[in-house]
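Subject: Structure handover

Hello,

Here is the structure I promised you. Please open it next to this email and follow along.

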Amino acid sequence: INRFITMRHRFLLGFSFLYLTICNLIWIARDGRPPFWDMAAHQSGALRILNAISEDGAGALATIGSLSGFYPPLYHSIVAGFYWIFGVSTSSAQLANIPALGILMGSTYFIGRRLVAPIAGATAATLVGFYPFILWLSRETLIDYWLTSLVALAFWILLETDGFRKRRMTVLFGLICGLGMLAKWTFGLF
């Protein structure tokens with residue numbers, strides 16, 4: 001029983017992630033709406049990237065920035081990767097948010113664990129996954145879900161730099177910030 005009590009935060013975190021992932025998979029499988037608004041634009045940008053890489057191979061990497069339209073290319077490239085793996089569909093584009101869910105919940109957990117306690121981190125990670133707006137974003141092809149995940153990841157790694165005294169973590173923090181800016185230029189405001 002003592003072992004269960006000391007491990008309950010891991011059960012809460014794992015169960016919450018699994019539950020949200022399964023619910024999102026069910027939602028995506030049953031959602032027959034066509035993409036609208038920004039969702040369609042992001043899916044089109046990802047399709048342009050996929051087509052360019054399919055046609056030109058590695059040479060297309062130089063043009064990716066212009067293929068994602070108004071936005072930086074990271075999110076569209078991730079969606080293009082999911083198109084390549086699962087085929088071109090709205091469902092494939094929505095599946096690209098599953099890794100972001102793991103990043104968001106994991107980063108929130110480690111922030112809470114570092115600042116308070118493991119159970120506080122697991123509780124915070126569970127809550128953030130179930131916030132209504134975050135939950136809605138997790139099921140749509142929108143940059144903001146990945147942006148939220150990368151901000152949480154950057155904040156966690158910033159804490160791990162120990163005031164920039166840990167060189168490896170400091171370099172990792174810089175890389176994550178670069179990825180964040182490649183996801184959406186408003187990353188720096190967070």
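Ile 119 is partly exposed, at 31% relative accessible area. The cut-offs are these: buried is under 20% relative accessible area, exposed is over 50%, and partly exposed is in between (1.4 Å probe, protein chains only). A word on the source: this is a predicted model, where local features need pLDDT of at least 70 and side-chain atom pairs count only at pLDDT 80 or more, while totals for chains, interfaces and linings use all residues. Residues are numbered from 1 along each chain as its sequence is written, and side-chain values use heavy atoms, with hydrogens and water left out.

Ile 119 sits in helix α7, residues 118-130. Helices here are DSSP runs (H or I, at least four residues), numbered from the N terminus, and strands are runs of E of at least two. Which residues does Ile 119 touch, not counting those up to four places away in sequence? They are Arg 8, His 9 and Leu 12. Contact means heavy atoms within 4.5 Å.

Is His 9 buried or exposed? His 9 is buried, with a relative accessible area of 6%. Neighbours within four places aside, its contacts are Tyr 109, Arg 113, Pro 118, Ile 119 and Ala 122.

**Helix α6**

Tyr 109 is also one of the buried residues of α6. Others there include Ile 98, Leu 101, Leu 104, Met 105 and Ile 111. Helix α6 covers residues 98-115, which is 18 residues. From first C-alpha to last it reaches 26 Å, close to the 26 Å expected at 1.5 Å a residue. The expected span is 1.5 Å times one less than the number of residues.

Start with α9, residues 143-160. Its 18 residues should span 26 Å at 1.5 Å a residue, and its end C-alpha atoms are 26 Å apart, which agrees. How many of its 18 residues are buried? The count is 13, so α9 is mostly covered.

Ala 154 lies in α9. It is buried, at 5% relative accessible area. Leaving aside neighbours within four places in sequence, Ala 154 is in contact with Phe 173, Ile 176 and Phe 187.

Next comes α10, residues 167-183. Its 17 residues should span 24 Å, and the end C-alpha atoms are 24 Å apart, which agrees. The buried residues of α10 are Phe 173, Ile 176, Gly 180 and Ala 183. Seen down the helix axis, they fall within an arc of 75°, so they line one face of α10. The arc is that of the directions from the axis to the C-beta atoms. Why can such a face form? An α-helix has 3.6 residues a turn, so residues three or four places apart point the same way. What covers the buried residues of α10 includes α4 (74-86) and α9. The face turned away from the buried side carries the exposed residues Arg 167, Arg 168 and Leu 175.

**Two positive phi angles**

Most residues other than glycine have a negative phi. Asp 162 has a phi near 55°, a positive value. It lies in the loop between α9 and α10 and is partly exposed, at 31% relative accessibility. Trp 37 also has a positive phi, near 55°. Trp 37 is in helix α2 and counts as exposed, at 58% relative accessibility.

**The cavity**

A cavity is a set of points on a 1 Å grid over the protein atoms alone, where a 1.4 Å probe fits but cannot get out; lining residues have an atom within 4 Å of a point. Points are joined across faces, edges and corners, and volume is the space filled by probe spheres set on them. There is one cavity of 30 Å³ or more. The largest cavity holds about 60 Å³ of space. Its lining includes Asp 31, Arg 33, Phe 36, Met 39, Gln 94 and Glu 140. The elements that give two or more residues to this lining are α2 (37-56) and α5 (90-95).

Best wishes

Technical notes:
On a 1 Å grid over the protein atoms alone, a cavity is a set of points where a 1.4 Å probe fits but cannot get out, and a pocket is an open set with protein on both sides within 12 Å along at least five of seven lines; lining residues have an atom within 4 Å of a point.
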